[in-house]
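Subject: Structure handover

Hello,

Here is the structure for you to look over. My notes follow below it.

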Amino acid sequence: MSAVTFQALKERLKAEKANKQNAVKSSDTNTTPTKTEATSTITSNNTNNSPLIQNNPILTTPEKSLPNSNKYLNGSLSSSLSVPITLRSPLTIDDINNQYTIGTIPTVRYIPNICTLSMEQIITDYIDSYDDRWINLRRRRLQQYGGKPTPQGLVDPEPLPLFLNQIIDCLMSYQLFPTQYRPNHVLINEYLPFQGIFPHTDGPSYYPLVATISIGGDVIMRYQPRGSSTSILAEVILQSRSLVVTSEEAYTDYMHSIAEVDTEIIGGTGGKCINLHLLSPKDLSNDTELLSSSTKNNNNTDTSGTEYYQENDLLIRSPRRISLTIRHVPSLETRLQQQQQQQLLLQQNIEEKENTMAI
Ligand SMILES: O=C(O)CCC(=O)C(=O)O
């Protein structure tokens, strides 16, 4: 058995043990919330009653003061919380569109190695420092920042923490989002083994462009045409430290989901895995700093014997994967203006048609 496979098996056993312990814990204190999977209707337990903030594109709160616990006051965690977040640079929207578009489903782009291993840990530390922001859903936990998205616009807008705005600054430097649609909303989902997310589209509450950063583990994102109950059209492996960008058709016409399993077979759904050629090596845990892209050969290994994922491989879920889903939610005022403009256009169309018929 190769060292990598053995390590993977060890991790799997560890994850299973953690999962069992977790299952016992959650059945003890069953606080199962009634929230649905739909992200647009999540009610945050945040009590911050910020006033409605209008036309202020960059809203930032200073970094939270550290919780009063030894865990946060001692050791590396407190020091990492003063480090600014930086992502891979330089990167442009042209690079993203030209090098990282993955086909089959238009307008999905997959960018590997968006940050270093140490930056991944720092982002995790920042998220963990907001321990009181976790919302327990039936199948996973999440933190919501920025306010409550509704089809009518953003309700209860709140400034984003500095570390999230630093991530967004990097995405803006790629020109990923148009200036007027700078992200103002972030969902942080946490998945333990056997946790996932049901097939869904992100719906009309958001500007239809999503940037999702994965940290802490690899997972297969499944895509299927909207409305279809079973057929998976494509799989995209979201590796740790990757960024996936979804817009247009991929946003509106396809549902995405993550299975509630602890292992999965690549290509096992019948959908083709469409980003194998863009993946990093399977196990980067021994690398100190990454961002070097090695070239793989036909056996899915590179010259040093590093293993890459291929069809039919087993993907073993990590003990804890976290994703940051970064989006723009239009304000109530913007939505109202858009609706008024649409109504005006509709009215003009009707009048034009009536005039033509009258002639
Ligand atoms: O965890 C992920 O990668 C995806 C999360 C997601 O689909 C969502 O927040 O709507």
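How many of the 6 residues of strand E13 (residues 242–247) are buried? The count is 5, so to speak a strand that is mostly covered. One caution before the rest: this is a predicted model.

**Overall**

The protein has 8 helices and 18 strands. Of its 359 residues, 35% are buried. Take the contacts between residues at least 6 apart in sequence: 82% of them join residues at least 24 apart.

**The seven-stranded sheet**

E13 belongs to an open sheet of 7 strands. The order is E2-E13-E10-E18-E8-E4-E3, and the pairing is antiparallel. Strand E2 (108–111) and strand E3 (135–136) stand at the edges. Each has a single partner strand, so one side of each has no neighbour in the sheet.

E13 has E2 on one flank of that order and E10 on the other. E2 and E13 pair antiparallel over 4 bridges. Within that pairing, Ile111 stands opposite Leu243 of E13. E10 and E13 are joined by 6 bridges, again antiparallel. There, Ala211 has Val245 of E13 as its bridge partner.

Next in the order come strand E10 (residues 209–215) and strand E18 (residues 321–327), which run antiparallel and share 5 bridges. Ile213 stands opposite Leu324 in E18. Helix H5 packs on this sheet. H5 touches strand E4 (141–145), strand E8 (185–191), E10 and E18. The direction of H5 makes about 100° with that of E10.

**Helix H5**

H5 covers residues 117–129. Its 13 residues should span 18 Å at 1.5 Å a residue, and its end C-alpha atoms are 19 Å apart, which agrees. Which residues of H5 are buried? They are Met119, Glu120, Ile122, Ile123, Tyr126, Ile127 and Ser129. In general, an α-helix has 3.6 residues a turn, so residues three or four places apart point the same way.

Strand E11 (residues 219–225) and strand E14 (residues 254–258) run antiparallel, joined by 4 bridges. Tyr223 has His256 of E14 as its bridge partner. E11 also pairs with E12, in the antiparallel sense, over 5 bridges. Here Arg222 has Glu235 of E12 as its partner. E12 and E16 run parallel, with 2 bridges between them. Glu235 stands opposite Cys273 in E16.

Strand E12 (residues 234–238) is mostly covered, with 5 of its 5 residues buried. Ala234, Val236 and Leu238 point one way, while Glu235 and Ile237 point the other way. All of these are buried. As a rule, side chains in a regular strand alternate between the two faces of the sheet.

What is Val236 in contact with, leaving aside its neighbours within four places in sequence? The residues are Ile102, Val108, Tyr110, Met221, Tyr223, Val244, Ile274 and Asn275.

**The core and helix H6**

The largest nonpolar core has 68 residues. Those with the most contacts inside it are Leu171, Val186, Ala211, Val236 and Ile237. H6 supplies the largest share of this core, 6 residues.

Helix H6 runs over residues 162–173. Its 12 residues should span 16 Å at 1.5 Å a residue, and the end C-alpha atoms are 16 Å apart, which agrees. Phe163, Leu164, Asn165, Ile167, Ile168, Cys170 and Leu171 are buried in H6. Just after H6, Gln175 takes a positive phi of about 60°.

**Helix H8**

Is helix H8 (residues 332–358) buried or in the open? Of its 27 residues, the number buried is 0, so H8 lies largely in the open. H8 reaches 39 Å from its first C-alpha to its last. That is close to the 39 Å expected at 1.5 Å a residue.

Best wishes

How values were computed
Residues are numbered from 1 along each chain as its sequence is written. This is a predicted model: local features need pLDDT of at least 70, side-chain atom pairs count only at pLDDT 80 or more; totals for chains, interfaces and linings use all residues. The expected span of a helix is 1.5 Å times one less than its number of residues. A residue is buried if 20 or more other C-beta atoms lie within 10 Å of its own, exposed if 12 or fewer, and partly exposed in between; C-beta atoms are placed from the backbone. Two strands pair if DSSP finds at least two bridges between them. Two residues are in contact if their C-beta atoms, placed from the backbone, lie within 7 Å. Axes are lines fitted to C-alpha atoms, for helices over the stretch in contact, and angles run from 0 to 180 degrees between N-to-C directions. A nonpolar core is a set of buried Ala, Val, Leu, Ile, Met, Phe, Trp, Tyr and Cys residues joined through C-beta atoms within 7 Å.
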